[in-house]
Amino acid sequence: MTEGKGTNLLKAAKELNIGIHTAVECLVKKGYDVEAKPNTKLSGEMYGVLLKEFQETNH
């Protein structure tokens with residue numbers, strides 16, 4: 001996993017087996033301003049939010 005490093009939106013979405021728009025919707029609901037582009041860089045905090053939200057439902 002790429003936790004702790006900046007990662008792009010597409011890579012995070014693939015790791016969690018979700019779509020880019022699903023990831024963006026989740027982050028926007030949590031108060032982040034995110035562009036729905038595959039190469040958008042996510043902060044470690046944003047990546048953590050996605051992990052917490054979607055990793056639990058996939059495993």
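Reply: Just after α2, Gly31 takes a positive phi of about 100 degrees. Helices here are DSSP runs of H or I with at least four residues, and strands are runs of E with at least two, numbered from the N terminus. This is a predicted model, in which local features need pLDDT of at least 70 and side-chain atom pairs count only at pLDDT 80 or more, while totals for chains, interfaces and linings use all residues. Residues are numbered from 1 along each chain as its sequence is written, and side-chain values use heavy atoms, with hydrogens and water left out.

Me: Why is Glu45 called exposed?

Reply: Glu45 is called exposed because its relative accessible area is 56%, and exposed means over 50%, buried under 20%, and partly exposed in between (1.4 Å probe, protein chains only). Glu45 is found in helix α3.

Me: What makes Lys30 and Glu53 a salt bridge?

Reply: A salt bridge needs a side-chain nitrogen of Lys or Arg within 4 Å of a carboxyl oxygen of Asp or Glu. The closest N and O atoms of Lys30 and Glu53 are 3.7 Å apart, and the pair qualifies. The pair links distant parts of the chain, with Lys30 in the loop between α2 and β2 (41–42) and Glu53 in helix α3, 23 residues apart. Glu53 is called partly exposed because its relative accessible area is 35%.

Me: How many salt bridges does a search of the whole structure find?

Reply: The search finds two. Lys37 and Glu35 also meet in a salt bridge, at 3.1 Å from N to O. Lys37 is partly exposed, with a relative accessible area of 49%, and Glu35 is partly exposed too, at 47%.

Me: How do you know that the buried residues of α2 line one face of the helix?

Reply: The buried residues of α2 are Ile20, Ala23, Val24, Cys26 and Leu27. Seen down the axis of α2, they fall within an arc of 160 degrees, so they line one face; the arc is that of the directions from the helix axis to the C-beta atoms. The face turned away from that buried side carries the exposed residues His21 and Lys29.

Me: Which residues have the most contacts inside the largest nonpolar core?

Reply: They are Leu27, Leu42 and Leu50, in a core of 18 residues. The largest share, six residues, comes from α3. Such a core is a set of buried Ala, Val, Leu, Ile, Met, Phe, Trp, Tyr and Cys residues joined through side-chain atoms within 4.5 Å.
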